[in-house]
Amino acid sequence: MDGRELVRSIKVFGSARGLRTVRAAWRHRRTDAWGLPPEGAERARVPGLATGAEALPGGGIVRFARSSLRIRVSAGGAVFWGWDGAEPLPSYALAGEAPEPDPRASLEPDTDGGWRVVSERVTVAVSRHGAVEVRTPGGVMLRRDLPPRWWEPVGAAGAEARWVQRSEVPADARFFGLGGRAAGPRLRDGSYRLWNTDPKGGFVPGDDPLYITMPVQFVVSDAGTHLAFHDNSWDGQVTLAEGEEGAGSGHDRPGTSEVRMGGGPLRCWVVVGTPARVLHGWAALTGAPALPPSWALGPQHARWGFGSAAEVRRVVAGYRERGLPLSVVHLDIDHYDRHRVFTVDAERFPDLPGLAAELREQGVRLVSIVDPAVKAEPGNAVYDGGRAAGAFVRDARGGEVRGEVWPGECAYPDFTDPAVREWWGGLYEERLRQGFSGVWHDMNEPVSFVPFGDPTLPRSARHALDGRGGDHREAHNVYGLTMARAGYEGLRRLRPEERPFLFSRSGWAGMQRYGGTWSGDVSTGWPGLRASLSLVLGLGLCGVPYSGPDVGGFDGSPSPELYLRWIQLGAWLPFFRTHSAKDLEDERMKGEFYPLVDKSRLFADGYIAEKSGHSRGSTVDLTIVRLPAVPTRAYVPGEALTECYAPRVERFPDNSVDMGTGYDCFDTRSHTDDPRIQGAQRANRQLLKGVLAEQGFVNLPEEWWHFTFKPEPFPGTFFDFPVARRSVAGH
């Protein structure tokens, strides 16, 4: 036990709660001591030599001396392979059934005793030792997985075999993805853990892991782009090393990836093509993003510490007095009765439905926080209902698993049980009755406060896993995803005529089907600004487009310049919300912040669609435009990762687009042949992909950066660009 962690726990949570967290940590450790299979001897295994093959639709099965490999190419071009009988289903990542196999793909013998599956878009070659190579139709290698290795427990009943998969990519390949990483978006050489984790306060570049981890690698090289997804939710580690191209006649050194998992199936999906096609293919596999309501694209305000309804009115009035738009106010746990979920403090919020109706008349919606931890207290209606339904996670002996969270000692619903998801989704009726228009899920990694050890549930805690049964080692990373599913499906049942608005701090591959996410408690400071941008871009490449940071950082008071730059970044992102800890709001509302923001013209009720400038070194103006309140074109699932609605750009009438016309944000294909739409796409697609992240100046790579008034980049390599307060650097 770390004494410093104990002191920190008592300091942060108070002496009584701090001591309770110590008790919870020891209880979790004891639970795992008798609940997990004992560690012992292991036997290493590799596939061995190929002994034969069997053709099946889309590919076939290649048999080896000590394993077998199933390969299947789908009709859309995605490649699946699984070792030791692993199949695409069951999977929490996939949207429904696995895609149909490509009837034209065929398994045939290859050179040197190997096999290959040939299809129109991709070729998969399997060596006689078990290496799997993905090639373009022209034969160029995109990825080569070396023969895997397993370590199987000897004589330990119920123990899972851990495994390692090493891979090679072209020397010029660059890695992205792996969920929300503060070190990204380009992932440099190093190790990245696959275990959703609350970093215990703010985070900055280099902190790892964070709230959302995914075994999703987005790999870009001159030979082509591919996405590799190891469909396994166990605790794991990914080690990446970029390659190096040889100079002159020197040899190239390939880039490498090593995936280590503590258990679970060894199965992988690979999608190849252009970056846009890869993202479309990934969306086809895991589901199209849930389209948020139009008001969720506007500026939003949250703070831990809204003390009363009067304080909410005061903050909203502050926006109105300064002429600043505001679409949403978020209520944190302070509005609960003693922090218990699905309750209201009637003394501080005596008429919450009335407050919600009053704000809606002003164009402001209320959104409620929802934590998964339920106060384990007889007489608490939610806890009593959950116990009667058998909804809570239990240990290997059948006892209820408890943890320490804001309300005190809590129980945790098992969202991997379909019946529990239905029960929990029904509880959102209380939130809707109170006047809330949406919810945000917090603390759903899940979190249990501890001064030492892992701040989550015991790894031996039992979960239903949708009928398969298992423990928290497999369920942990999908806990937030399944909670989001429970909430989303519940809101759909309760209000079928409305789009649900839900976003979640934690999640996994496929979470975009149920809503978006945000950065979590990013630290205040310039490093925090860079970390929040990295996280958002990395999540976008993993298929989660609706996300954004805590603008201004969560744990401190930013300088006026830093706050302005963070707001300028947030205004370009789909989810734009200021958020801070207790007692920091007044500091942020002082000084020159509001005059700066008012001049910046960066708040918008909808999307910011266009930017323009006049000459090098000048300021860059922004044109703020609104989305139509009710788009006239429906969202087309699977056709694009995200479909936007192009409003009329009044500033450039020659490039105008009729309200409600849809176009694809990623490859700029429109849904009609009107040439005006193509022109508007060229203007509107140049959204911000970089932002001022240093005080006063920014160093921009010339070959990448440009302003929309000039189609080609400025000549040269790098330059220091003095950016005025009203300026935004565009990529």
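In the predicted model, strand 20 (residues 299–303) and strand 32 (residues 576–580) run parallel and are joined by five bridges. In general, the strands of a sheet pair through backbone hydrogen bonds, and the pairing is either parallel or antiparallel.

A second open sheet consists of three strands in the order 23-25-24, and here the pairing is antiparallel. Its edge strands are strand 23 (374–375) and strand 24 (402–405), each with pairing on one side only. Strand 24 is joined to strand 25 (residues 408–411) by four bridges in the antiparallel sense. One of the residues involved is V405, whose bridge partner in strand 25 is G408.

Antiparallel pairing also occurs at strand 19 (residues 267–273). Six of the seven residues of this strand are buried, so strand 19 is largely enclosed by the rest of the structure. Strand 5 (residues 79–83) runs antiparallel to strand 19 and is joined to it by four bridges. In this pairing, F80 has W269 of strand 19 as its bridge partner. Strand 16 (residues 224–230) likewise runs antiparallel to strand 19, with six bridges between the two. H226 stands opposite V272 of strand 19.

Two helix pairs were examined. Helix 4 (residues 309–321) packs against helix 5 (residues 352–361) at an angle of about 5°, and the two axes lie 11 Å apart. The two helices are therefore roughly parallel to each other. On the side of helix 4 the contact is made by A309, V312, R313 and V316, and on the side of helix 5 by L355, E358 and L359. Of the residues in this contact, five are nonpolar, two are charged and none is polar.

Helix 5 has four listed buried residues, namely L352, L355, A356 and L359. Viewed down the axis of helix 5, these residues fall within an arc of 100°, so they line one face of the helix. The elements that cover the buried residues of helix 5 include helix 4, strand 21 (328–331) and strand 22 (365–370).

In the second pair, helix 11 (residues 526–541) and helix 12 (residues 560–572) pack at an angle of about 5°, with axes 10 Å apart. This angle makes helix 11 roughly parallel to helix 12. Helix 11 contributes W526, G528, L529, S532 and L533 to the contact, and these meet E561, L562, R565, W566 and L569 of helix 12. The residues of this contact divide into six nonpolar, two polar and two charged.

Q165 lies in strand 12 (residues 162–169). With a relative accessibility of 1%, Q165 counts as buried, because buried means under 20% relative accessible area. Leaving out residues up to four places away in sequence, Q165 touches W83, D145, L146, P148, H230, S257, E258, V259 and L266. The C-alpha atom of Q165 is separated by 8.8 Å from that of M261, although the two residues are 96 residues apart along the chain.

Q512 is located in the loop between strand 29 (502–504) and strand 30. Its relative accessibility is 1%, so Q512 also counts as buried. Apart from neighbours within four places in sequence, Q512 is in contact with T286, G287, A288, P289, A290, G543, V544 and P545.

N444 is found in the loop between strand 26 (438–441) and strand 27 (462–463). N444 has a relative accessible area of 0% and is buried. Beyond residues up to four places away in sequence, N444 touches P372, Y479, G480, M483, S504, R505 and S506. The C-alpha atoms of N444 and D371 are 6.7 Å apart, while 73 residues separate the two along the chain.

Definitions and conventions: Residues are numbered from 1 along each chain as its sequence is written. This is a predicted model: local features need pLDDT of at least 70, side-chain atom pairs count only at pLDDT 80 or more; totals for chains, interfaces and linings use all residues. Side-chain values use heavy atoms; hydrogens and water are left out. Two strands pair if DSSP finds at least two bridges between them. Axes are lines fitted to C-alpha atoms, for helices over the stretch in contact, and angles run from 0 to 180 degrees between N-to-C directions. Angles under 35 degrees count as roughly parallel, over 145 as roughly antiparallel, 65 to 115 as roughly perpendicular and the rest as oblique. Contact means heavy atoms within 4.5 Å. Ala, Val, Leu, Ile, Met, Phe, Trp, Tyr, Cys and Pro count as nonpolar, Asp, Glu, Lys and Arg as charged, and the others, Gly among them, as polar. Buried means under 20% relative accessible area, exposed over 50%, partly exposed in between (1.4 Å probe, protein chains only). The arc is that of the directions from the helix axis to the C-beta atoms.
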